[in-house]
Amino acid sequence: MITTLFRFLAQNKTFLKAKSIFSHIRFDIYRRLFKLRYNTAERITTTKSLLFLLWGIKGQFVLAILIPIVLEFTNPFFVSSLSSTWFKKFGVTVPDGSDYITFLASVIGVGGVFIGLYYAAIISVCGANYAKVPNNIRELLAKEQEGNAYMRNLALLTFFSVCLLAIHIVGRKPLILAIPLVLVGVGYMILGFVRLCARTFRLFDPTILSGTIIKRLQQSLRQIQVGGYQWIDPTFQAHFHKVAQDDIDRLIAVSNLAADEEMHLSGKPFANLCKNLLIFLRRYEKVKKSIPTNSLWYEQRNVHPDWYRTSDTETSVAYETASGLRPKLESDPKWVESAILPIVKLCLEISIKEKRYAIVKELLIYLDIYVQRLAEEHQVEYAFSQIGEIFSWCEKIIFVKEENLVAKEPLEHMQICELLAMMPSNALLAYMLSIEHYGQEAIRLRISHIKWKSEKSIYKAGFALHILPQLEWMRPILEFEEKVEGGLVSPPWYLQELITQQEVENFRTAMICFCEKVSDIYKQIIDAESSTHHPWLKAVIISTESEYWNKFNYHINTLNKIWDDLNSDQRVEGLPWPSLDIDELMKKCRQRDKELLELMSEEKAILSLISRPESFPDFAGQFLHTVGEALFFAMCDNEFEMVETLFQRYLGCSLLQFEKLRSKDLGTDWQNLNNLKIAAAPLLDLMDISGYVYLLSDYHDAPLLKEPIVKAWDTYLSEALGSQRLQYIAGIVSLSESGIEIEHRSTLRHRWKRIIQEQLRDVKREEVDYGTRVSYILSEPKTVPVHDSPLVRLFARNLDFLFYDGIDIFIAKYIRQREDGENLDFGSKRRREFEEQIKREENRGATDEESQI
Amino acid sequence: MKNHKYESPNPLKNPRVARHFRSLSREIDTNLSAHMFFQDVHIAVMPIGGRFSQEQDFSVEIQVSSEHESQVIAILQSLTDSDLFGKSDFKQLLSDVVNKIALYLASGGRSIYEIIRDKENENAWRLYSFTDKRLFRAFGKCIQIIPKADRHLWEKSYVIIPKEDIWEIAMPEVLGGFRGYRSIFKKLSRFSQIVPSFLMDEMSQQKWPTYFNVKNYEKEKNLFVAKTTARWGWHMRSSGLRIWTEFYGMYRFITFDWAKACLREHIIKELNQLFRRLQIDAEIVVKGLPTAREILKTRQQMCEGKITFNEASKRCSMSRVE
């Protein structure tokens, strides 16, 4: 009915004119109401500022009050005795007219002087620091809240005194009660003036004014988010955009002032300003999902529509008036960030340049928290682009190109590098925390809370920012549907699917960022470090990147589950669902993992040649350990390429590490002996791995697998000192295993042994009949492994009691096969039993074959 | 296809009523929404020319005794403009008849026919369509008052015929009946399609009033049309794709198919009732076309997400191809 009526009336020019006039009147009323509300809010803020000021002087104030109160208690006695001779003796009487006037006049005089003095102080501050600053900053000084509140109250008191005086002049008697009231007021003002003057000195630092600007920005933000006064009205949105734009301009001006070398403010004051800005930005990112994406709060730019995509009505009008189609406005949702982040960049650059490392670290922590917020709000792409930006800000200054290798790096540079490199990991963790609340069920629940007729509802449902455009598109058409049908026809599963599709799109982008973009960022910074010869910084990044991939691999199952959940219920045909090949992504991640191991083994070689200060982490040791582990698992998985790439360097680095640890002279013999046993650990690891490769090569039936290991050892031992080296190794092994104590890092080697045991459980086994007597003793039937390799059979025979390890294999299969290694003594632990066992196993295999023939 | 001329056994009596009044004919309505709605309502209520994409399933049967067969054919032929159909083309004939009746119903919400008997055979009938304007009912009679301007054409000023000689068919009640349909049509015809006339005037003077918001006007216009035709589920020829979801668009397409199925079933039911009234032992049975009940069931399944939009469309429509 109403629709028909409106449709009917819309044909009438007068109705539309009246509607337009009514809109203007409505806007005028809202404008006035807004002004009223705004003024009230400002007064409350001002009062709060005054209270804050008073709170600061409460001690003096209470004291100043207490004394008159104590006097007041004794007042009745004084009043009754006021005319007694005792008082007259002290001259205390009811004040006469002239005294009263003098009292008030002095109050007025004090008030006037204070007002004059305050503004004189402000003017001197202006003259000294604000003379050459833009007008908008001087305006801030004029609007400074605390001072203004004080001045207003002082003026009130002064005027109050003037009024009292005026009343007395016209013939009224002195008002006794006014005397203590004025006295209290004057007390406030005199004590407060001291504090206010002290504060005026702080105004020499213009960054102090940024607090007021940020407060105003927050006020504007409150107005334009859902629930703010007239938040949906474009006129109000545009107004607050203008206010915020002015405030941001002021902030830029203040930051430029702070960056000015002559001002000497580029240290802590500038850093505090940046910290406050980053805190504001963090809040802003959370609030953004409550702001309509087409709000005029965002900066607007013109976009011209396609003629053939535009509605008939619009094209008809455009054609009739020959005016063409009007451009559509598109929002720039990052205008605040684009304006504020360069301020932080400026501060960061200045601080690094001037070696204010504490400030740099602090700012990087704040930036990291900001980036985490972006990830939490599912703006992962933007978060990673910001990380890339932050890297590039620091890169230019920290990675200064050096001709020679930088053997010693400032510790702060290392810390800065670590903070930078940790950003992707922290972003990933922040995203992981929030993504759990964005599955299908959560979407369904949120949709059920939306009232499509309400403009507010979609912003209050708790959807992330990237869903808003979809919700904003859906709301009017679903409202249309409700109006036409009297209720919603589109079923919840359909709405859920439309929203899930957007969620999947965002998730896909996030996954690409976590796998590909992060690699690019790390690669970029590692390349920069390589070209500028900063091995320590490169080691920090490599180590942190390795940590990132470890975290990512830990979370990949959760991410997979979420992806499956989001793609689980697709009913609408033709809906463009984004595709993501997770296997392909994982392949890329594994590739990067390999590259990282190569980098580690390269870097390890360089770092072994540089002496490490105590305050630096032992990256060389860490990388050697990591490469060793990767090598072992590559052998287990029969990855020839990886083994070939890593082993040569691993051998070299293990021997270097041994030499490095061994060279330390500790004074006493037993200490040196202990040190030697510890230093032998990398050597034993190397021999252990080198031995296992024989076993695994047989197990996988891949003779090629052991080739790189044999080749590397051959090369090492074929040099002039080869035989001596071998003897030396035998001596070290013998010595390190001579004691009764457990060898250093033997737990790790034992772990490898357990892994090998587990792998050998896959070897085919067959039952052996030992007769009834033995079967009676054994609870389970006795089995033996079936394999072509005697070595595999030997190791797999009794998996619960394996007495031999990789070192035994290496000695038997490699060293004893050499002419110069046949008679070497590797100590009591490495006896010839193992070799005999192998021979026995080989013979057993030959006998079996013969019997089969 | 076999077409042959069906020879009428007996000459007809002259119709008594005046078919139309030129003086009362309205100018062709230029309102685009109303015109499109009218076209969409009557087109392909039955498959055009009896041809349907799922031809093998579609059949039309007439259960009639041989003595009444020629009577039924004659009545149906009189409802079309052509006499080229016979028993062998019954599918085509009935499709043409239903579409023709639907055309009359779509233009005014009801259609009225004079039942004319043969001159010689009182048990043979023809139907003669005529305008429902100036037609009144009183004392079991129908009185047609002919406007002055048309009297010279029809050579009479009024016609009185017994109610028994009139066959009237109106829009089915489930679609709002005669009054409901007229109301829709009136509402749609009331407003011009593009912009209000005053705006056209101002635009012709190269003026653009600031108080006129094109976007809002467009939105209100679409809302009005969609709400007015909600019972029929008219899809507004997909022009609303930007103002509703794909689901709701499909919902309206299917609802419109349902409305047309209701119309088809109603026309066939009325024809069968006419045969009974004329004591002709005949019944028309149409098979293989989606029934109104089936369409509603399909729509429900689509709402529950059990079938895809394409599947729903395929099941309900005669014109949309999968």
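The model is predicted, local features need pLDDT of at least 70, side-chain atom pairs count only at pLDDT 80 or more, and totals for chains, interfaces and linings use all residues. Residues are numbered from 1 along each chain as its sequence is written, chains are lettered from A in the order in which they are written, and side-chain values use heavy atoms, with hydrogens and water left out.

Helices are DSSP runs (H or I, at least four residues) numbered from the N terminus. The residues that α15(A) buries include Tyr357(A), Ile359(A), Val360(A), Leu363(A) and Leu364(A), and also Asp368(A) and Arg373(A). His378(A), with a positive phi near 65°, follows α15(A).

Between the chains, 38 residues of chain A are in contact (heavy atoms within 4.5 Å) with 42 residues of chain B. The area buried between chain A and chain B is about 4100 Å², of which carbon and sulfur atoms give 64%; buried area is the accessible area (1.4 Å probe) that two parts lose on being put together, summed over both. Of the area that chain A buries against chain B, 18% is supplied by Arg7(A), Thr313(A) and Phe480(A), more than by any other three residues.

Seven residue pairs, both members at pLDDT 80 or more, are in polar contact between chain A and chain B. A polar contact is a pair of N or O atoms within 3.5 Å; within protein, one must be able to donate a hydrogen and the other to accept it, and residues adjacent in sequence count only if both atoms are side-chain atoms. On the side of chain A that touches chain B, α20(A) gives the largest share, eight residues.

The loop between α20 and α21 of chain A contains Ser490(A). Ser490(A) is buried, its relative accessible area being 3%, and its side chain makes a polar contact of 3.2 Å with the side chain of Thr245(B). Leaving aside residues up to four places away in sequence, Ser490(A) touches Leu478(A), Glu481(A) and Leu495(A), together with Thr245(B), Phe247(B) and Tyr248(B).

Definitions and conventions:
Helices (H or I, at least four residues) and strands (E, at least two) are DSSP runs, numbered from the N terminus. Buried means under 20% relative accessible area, exposed over 50%, partly exposed in between (1.4 Å probe, protein chains only).
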